[in-house]
Amino acid sequence: NEYKSYLSCIVDTYDTRMYKLDEAAIRKVCSGQIITSVYSIVKELTENSVDGGATIIDIRLEEYGLKSMEVRDNGIGIPKDSRPTVALPYFTSKLERFDDISALRTYGYRGEALSAICAVANLEMTTKTASDKLRPTVLEGPGH
């Protein structure tokens with residue numbers, strides 16, 4: 001069978017040993033499942049804005065989002081105690097336990113979007129809640 005010999009040729013060509021990816025590679029591979037384009041970044045950030053109670057969302061793209069993008073909103077902001085973990089994988093404000101998933105009324109819940117964006121881009125986030133007395137807090141850097 002011609003098809004069968006072609007498949008065996010492919011298998012023989014590649015090294016079949018298994019290797020564990022380093023943490024940076026794992027983050028980039030996993031991020032690729034969430035962040036696939038400029039559109040997906042804008043979508044994730046817009047959903048975060050809506051989940052944060054925003055009624056006004058301003059999206060600005062420079063060079064179609066390839067050079068930079070900015071999403072501003074009038075949402076509730078991120079509380080001070082949540083800021084250190086805001087872009088860490090699997091940290092979420094939507095779930096405390098898996099059982100909470102059935103009561104979700106939000107777009108996002110897995111705590112993956114910001115972490116995935118940090119894996120493929122530099123992120124600067126400015127946030128302020130109504131109770132913050134001082135200027136907004138800026139969080140920046142890849143991967144937090």
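At the start of helix H3, a side-chain oxygen of Ser 37 comes to within 3.3 Å of the backbone nitrogen of Tyr 39. This is a predicted model, in which local features need pLDDT of at least 70 and side-chain atom pairs count only at pLDDT 80 or more, while totals for chains, interfaces and linings use all residues. Residues are numbered from 1 along each chain as its sequence is written, and side-chain values use heavy atoms, leaving out hydrogens and water.

Helices here are DSSP runs of H or I with at least four residues, strands are E runs of at least two, and both are numbered from the N terminus. H3 has 14 residues and reaches 20 Å from its first C-alpha to its last, close to the 20 Å expected at 1.5 Å a residue; that expected span is 1.5 Å times one less than the number of residues. Gly 53 follows H3 and has a positive phi, near 85 degrees.

Several H3 residues are buried, among them Ile 41, Val 42 and Leu 45. Buried means under 20% relative accessible area, exposed means over 50%, and partly exposed lies in between (1.4 Å probe, protein chains only). Leaving aside residues up to four places away in sequence, Ser 49 touches Ala 54, Ile 57, Val 71 and Asp 73, where contact means heavy atoms within 4.5 Å.

**Salt bridges**

A salt bridge is a side-chain nitrogen of Lys or Arg within 4 Å of a carboxyl oxygen of Asp or Glu. By this rule the count comes to 6.

| Pair | N to O distance |
|---|---|
| Lys 67 and Glu 62 | 3.4 Å |
| Glu 70 and Arg 72 | 2.3 Å |
| Arg 83 and Asp 132 | 2.5 Å |

Arg 83 lies in the loop between strand S2 (68-73) and helix H4 (113-120), and Asp 132 in the loop between strand S3 (124-127) and strand S4 (137-140), so the pair ties together parts that are 49 residues apart in sequence. Arg 83 and Asp 132 are both buried. Lys 67, by contrast, is exposed at 55% relative accessibility, and Glu 62 is partly exposed at 37%. Glu 70 is partly exposed at 31%, while Arg 72 is exposed at 53%.

**The core and the whole chain**

In soluble globular proteins, nonpolar side chains tend to be buried together. A nonpolar core is a set of buried Ala, Val, Leu, Ile, Met, Phe, Trp, Tyr and Cys residues joined through side-chain atoms within 4.5 Å. The largest one here has 13 residues, and those with the most contacts inside it include Ile 35, Val 86 and Leu 114. H3 and H4 are the elements that give two or more residues to this core, and H4 supplies the largest share, 4 residues.

The protein chain has 4 helices and 4 strands, in the order α-α-α-β-β-α-β-β along the sequence. Of its 144 residues, 24% count as buried.

Note on methods:
Polar contact = N/O pair within 3.5 Å; in protein donor to acceptor, adjacent residues only side chain to side chain.
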